[in-house]
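Look at the chain below before reading on.

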Amino acid sequence: MFCFLGGRTIEEREIDSLLVQPGDTLKVLPGTKIPADGIVTWGSSYVNESMVTGESIPVSKEVNASVIGGTINLHGVLHVQATKVGSDTVLSQIISLVETAQMSKAPIQKFADYVSILLMLLCDFYALQMLI
């Protein structure tokens, strides 16, 4: 993270990604993960976004390009202004949607469960009739 005074960098320090706030400017080195969603303010690089988009080819990022937290900066140094952090990031929202989808049943699955119960009861009734 950088501290600015009058447009000049006066301090650069490494911080935990949990401490990043919207508006912070982050220096993302080659080979590291981008810690938050944001906008590139300086530099250019290629970013591997395959974990989010499925695109196998790295995407070129230059000034004013948006970046997604959790993706990997491949070549150059980027300065990124954080716009979304924590549970507001694209990756967090995707994880939340997947968890919700896994916990709920589709309507066809509910119908299949109902039919299987009816078939089981019908088979039990038929077997009981055979014993009598």
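A salt bridge here is a side-chain nitrogen of Lys or Arg within 4 Å of a carboxyl oxygen of Asp or Glu. By that rule, the structure holds one salt bridge. The model is a predicted one.

Which side chains meet in this salt bridge? They are those of Lys61 and Glu49, with a distance of 3.0 Å from N to O. The pair links distant parts of the chain, 12 residues apart. Lys61 belongs to strand β6, while Glu49 lies in the loop between β5 and α1. In residue numbers, β5 covers 45-48 and α1 covers 50-53.

Are the two partners buried or exposed? Lys61 is buried, because its relative accessible area is 8% and the limit for buried is under 20%. Glu49 is buried as well, with a relative accessible area of 7%. Leaving aside neighbours within four places in sequence, Glu49 is in contact with Gly54, Val59, Lys61, Ile68 and Thr71. So the contact list of Glu49 includes its salt-bridge partner, Lys61, and this residue is buried at 7% relative accessibility.

Now step back to the whole chain. It has three helices and nine strands. From the N terminus on, the order of elements is β-β-β-β-β-α-β-β-β-β-α-α. The chain has a radius of gyration of 25 Å, whereas a compact globule of 132 residues would have one near 14 Å. Along the principal axes, the C-alpha atoms fill a box of roughly 95 × 30 × 20 Å.

Among contacts with a separation of 6 or more, 66% join residues 24 or more positions apart. Buried residues make up 25% of the 132 residues. The accessible surface comes to about 9,300 Å², and carbon and sulfur atoms account for 61% of it.

What forms the largest nonpolar core? This core has seven residues: Val28, Ile34, Val40, Val47, Val67, Leu78 and Val80. A second, separate core has five residues, including Val20, Ala36, Ala82 and Val85. Take Leu78 from the largest core. Neighbours within four places aside, Leu78 is in contact with residues including Val28, Val40 and Val47. Its contacts also include Lys61, the lysine of the salt bridge. Others among them are Leu26, Trp42 and Asn73.

Asn64 sits in the loop between β6 (59-61) and β7 (66-67). Its phi is near 75°, a positive value in a residue other than glycine. Most residues other than glycine have a negative phi. Asn64 is exposed, because its relative accessible area is 65% and exposed means over 50%.

Where is Met120 placed? Met120 is in helix α3, which covers residues 107-131.

Technical notes: Residues numbered from 1 in each chain as written. Predicted model: local features only at pLDDT ≥ 70, side-chain atom pairs only at ≥ 80, totals over all residues. Heavy atoms only, no water. Helix = DSSP H or I, 4+ residues; strand = E, 2+ residues; numbered from the N terminus. Rg over C-alpha atoms; globule rule 2.2 N^0.38 Å. Buried < 20%, exposed > 50% of the residue type's maximum accessible area, 1.4 Å probe, protein only. Contact = heavy atoms within 4.5 Å. Areas by Shrake-Rupley, 256 points an atom, 1.4 Å probe, with all protein chains shown as cover. Core = buried A, V, L, I, M, F, W, Y, C linked by side-chain atoms within 4.5 Å.
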